[in-house]
Amino acid sequence: MPQGLVFLPMNMYSKKFSLKSRLQSFRFAFKGLGTLLKFEHNSRIHLFSASATVILGLIMKIDISEWSLLIIVIGMVFITELVNSSLESLSDKINPEFDEMIGRAKNYSAAAVLIAAVVAITVGVIIFFPKLWALI
């Protein structure tokens, strides 16, 4: 078996459905969000930006298609931030010393967050600029 690969026994996948285990999965997911917000400074910036955007959307009474776009791009930013933070955490645990390939992977995932944020800002400008301009 190649180093680093973990194979789980088949009985791990054949467990019967359990509401308790499904609820536990949600508990882990919410714990992950809390951990992200606690330890990752940029995630708090994203949360502030998302909250401000939602408030502005409510004030400007944007339509359902505009809400849909905003929800998608806000989700995209948080998903990429979660993946980026996960990769960084695992990389630091595996090899705390500088490693060029790990550094490259970290840079790629950080670039994904940057692209997601730029796309989100662009969508926000497309939606809100004409509405704000009309008020002036």
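Mentor: Let us begin with the word pocket: on a 1 Å grid over the protein atoms alone, a pocket is an open set of points with protein on both sides within 12 Å along at least five of seven lines, and its lining residues have an atom within 4 Å of a point. This is a predicted model, in which local features need pLDDT of at least 70 and side-chain atom pairs count only at pLDDT 80 or more, while totals for chains, interfaces and linings use all residues. Residues are numbered from 1 along each chain as its sequence is written, and side-chain values use heavy atoms, with hydrogens and water left out.

Trainee: What makes up the lining of the largest pocket, and which residues lie nearest its centre?

Mentor: The lining has 15 residues, and Ser49, Ala50, Thr53, Ala120 and Ile121 lie nearest the centre. Two or more lining residues come from each of α2 (41-60), α3 and α4, where helices are DSSP runs of H or I with at least four residues, numbered from the N terminus. Helix α4 gives the largest share, six residues.

Trainee: How many of the lining residues are nonpolar, polar or charged?

Mentor: Eleven are nonpolar, four are polar and none is charged.

Trainee: Why is serine 91 called buried?

Mentor: Buried means under 20% relative accessible area, computed with a 1.4 Å probe on protein chains only; serine 91 has 9% relative accessibility, and therefore it counts as buried. Serine 91 is placed in helix α3.

Trainee: What does the side chain of serine 91 reach, and what makes that a polar contact?

Mentor: The side chain of serine 91 reaches the backbone oxygen of leucine 87 at 2.7 Å. A polar contact is a pair of N or O atoms within 3.5 Å, and within protein one must be able to donate a hydrogen and the other to accept it, while residues adjacent in sequence count only if both atoms are side-chain atoms.

Trainee: Which residues is serine 91 in contact with, leaving aside its neighbours within four places in sequence?

Mentor: With those neighbours left aside, serine 91 is in contact with Ile102 and Lys106, where contact means heavy atoms within 4.5 Å. Isoleucine 102 itself lies in helix α4 (residues 100-135), and, with its neighbours within four places in sequence left aside, isoleucine 102 is in contact with Ser91 and Asn95.

Trainee: How far apart are isoleucine 102 and glutamate 88?

Mentor: They are 14 residues apart in sequence and 8.7 Å apart in space, C-alpha to C-alpha.

How values were computed. On a 1 Å grid over the protein atoms alone, a cavity is a set of points where a 1.4 Å probe fits but cannot get out, and a pocket is an open set with protein on both sides within 12 Å along at least five of seven lines; lining residues have an atom within 4 Å of a point. Ala, Val, Leu, Ile, Met, Phe, Trp, Tyr, Cys and Pro count as nonpolar, Asp, Glu, Lys and Arg as charged, and the others, Gly among them, as polar. Buried means under 20% relative accessible area, exposed over 50%, partly exposed in between (1.4 Å probe, protein chains only).
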